[in-house]
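Please look over the structure below before reading the report.

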Amino acid sequence: MAARSVTLGIDLGTTSVKAALVEAARGDPSGFVVLASCARPTRAETAAQSAAAGPQGQEQDVRRIVQALHECLAALPRQQLCKVCGIGVSGQMHGVMFWKTGQGCEWTKAGAAPVFEPRAVSHLVTWQDGRCGSEFLASLPRPESHLSVATGFGCATIFWLLKNSPEFLKSYDAAGTIHDYVVAMLCGLTRPLMSDQNAASWGYFNTRSQSWNLEILRDAGFPVHLLPDVTEPGNVAGRTSQTWFEIPKGTQVGVALGDLQASVYSCMAQRTDAVLNISTSVQLVASMPSGFQPVQTPDPAAPVAYFPYFDRTYLAVAASLNGGNVLAMFVHMLVQWMADLGLEVEESTVYSRMIQAAAQQKDTCLNITPTVLGERHLPDQLASVTSISSSDLSLGHVTRALCRGIVQNLHSMLPFQQLQEWGVERVIGSGGALSRNQKTISHHLELMAGYSSAVNRCELK
């Protein structure tokens with residue numbers, strides 16, 4: 001029997017699930033070759049399980065996410081799946097879901113393929129959730145961490161549920177991100193295991209001591225039994241407890257990684273690179289030198305945060321909540337307007353036409369501040385449009401101004417001059433929204449940066 005040499009990579013994103021089969025290739029500059037890949041939209045948005053969350057609640061149906069994952073695996077070559085020797089999983093950070101130990105899933109067969117089906121699970125409360133307002137966040141205990149706590153962070157959401165839906169929490173005894181859940185189900189873990197990358201994204205986690213703020217949380221009545229065990233990224237979480245599709249039982253599964261760190265790792269060729277990822281949200285990321293330690297005083301008003309990376313190093317991150325999701329809102333608005341006028345058009349058609357129009361429009365005096373969702377450091381900030389004139393009302397003008405606004409907003413959070421002071425020489429771009437708007441966004445990026453951007457330097461996954 002031939003040795004297994006293929007690795008399966010999985011990303012559980014906000015709007016889609018992606019899977020890729022890769023194999024080491026010494027002759028390739030990247031060190032590996034992609035054998036096959038697949039992506040499926042999740043379409044998992046659903047109403048909040050707690051009515052008190054109101055319209056600010058942002059939740060997803062875990063069953064739909066897992067279904068999209070299984071659709072991806074079903075599309076991959078069976079003869080390659082049986083050669084998988086390891087599984088790596090990443091996913092959307094900050095969010096939280098709950099399940100009952102031993103009842104989180106049931107292994108069944110989808111046709112001839114063994115799969116797991118979610119059972120005693122909650123919805124996923126995503127990073128986009130806005131139920132924790134400024135007043136509520138101000139009422140929470142101060143964390144013993146360099147990172148502040150914001151709405152959409154796992155611990156903040158649990159605090160909110162403790163206050164507004166305490167009976168809801170009594171139904172579950174385990175919690176994690178969506179990717180922690182998938183790893184736990186694949187390995188049959190009795191307790192969820194989380195990397196420090198995801199733990200830091202929940203809040204109330206000290207990256208120096210690699211521990212939760214247990215004393216602070218207990219004193220506040222927080223259900224600390226829900227907190228996962230934590231290990232370093234790159235460690236093995238366990239082995240598959242069942243055959244999964246054609247992937248053999250006993251295959252190693254790594255502890256789940258943050259999607260931010262995973263995307264940076266795939267793109268950043270050297271420490272003098274910065275990574276700009278524009279997908280649902282936007283992140284501009286630079287690597288801090290070995291030995292760097294952030295100040296252990298959280299500053300909620302700081303636009304740049306320092307998240308753990310690998311080998312006890314940190315990434316400086318300007319993470320904007322407003323990216324490809326704002327472009328999607330704009331497309332949805334146009335489609336809805338046309339529907340109100342009695343016209344039907346597909347969103348995909350509108351998207352391609354507006355990108356073409358923006359590419360043909362060289363410049364515009366129209367200014368758009370795209371912060372429809374606010375920012376973590378400015379939660380009450382709204383979007384605005386200024387410098388409106390009759391000559392700047394075309395679709396090309398508006399789309400170009402919107403793309404420029406996304407870049408300008410990020411620049412205000414982490415000026416490119418700061419990147420240069422840190423020794424950054426190149427910005428590498430990645431993300432679905434950037435690939436679809438490459439010409440327009442990269443143009444504004446280069447104007448502000450003053451140096452070249454290697455957009456799509458890495459293959460988008």
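Predicted model: local features only at pLDDT ≥ 70, side-chain atom pairs only at ≥ 80, totals over all residues.

Residues are numbered from 1 along each chain as its sequence is written, and side-chain values use heavy atoms, with hydrogens and water left out.

Two packed helices are described by the angle between their axes and the distance between the axes. The axes of helix 10 (residues 324–340) and helix 12 (residues 395–413) cross at roughly 155° and come within 10 Å. Helix 10 is therefore roughly antiparallel to helix 12 (angles over 145 degrees count as such). On the helix 10 side, the contact (heavy atoms within 4.5 Å) is made by V326, L327, F330 and L334. Helix 12 contributes L395, V398, T399, L402, C403 and I406.

The table sets out the accessibility of the two single residues.

| Residue | Relative accessibility | Class |
|---|---|---|
| H70 | 9% | buried (under 20%) |
| K249 | 59% | exposed (over 50%) |

H70 lies in helix 1 (residues 62–75). Its side chain makes a polar contact (a pair of N or O atoms within 3.5 Å, one able to donate a hydrogen and the other to accept it) with the side chain of W244, at 3.4 Å. Leaving aside neighbours within four places in sequence, H70 is in contact with V115, F116, W244 and F245.

K249 lies in the loop between strand 16 (236–239) and strand 17 (252–254). K249 and R239 are 10 residues apart in sequence, and their C-alpha atoms are 7.5 Å apart in space.

Technical notes: Axes fitted to C-alpha atoms, helices over the stretch in contact; angles between N-to-C directions. Helix = DSSP H or I, 4+ residues; strand = E, 2+ residues; numbered from the N terminus. Parallel < 35°, antiparallel > 145°, perpendicular 65-115°, else oblique. Buried < 20%, exposed > 50% of the residue type's maximum accessible area, 1.4 Å probe, protein only.
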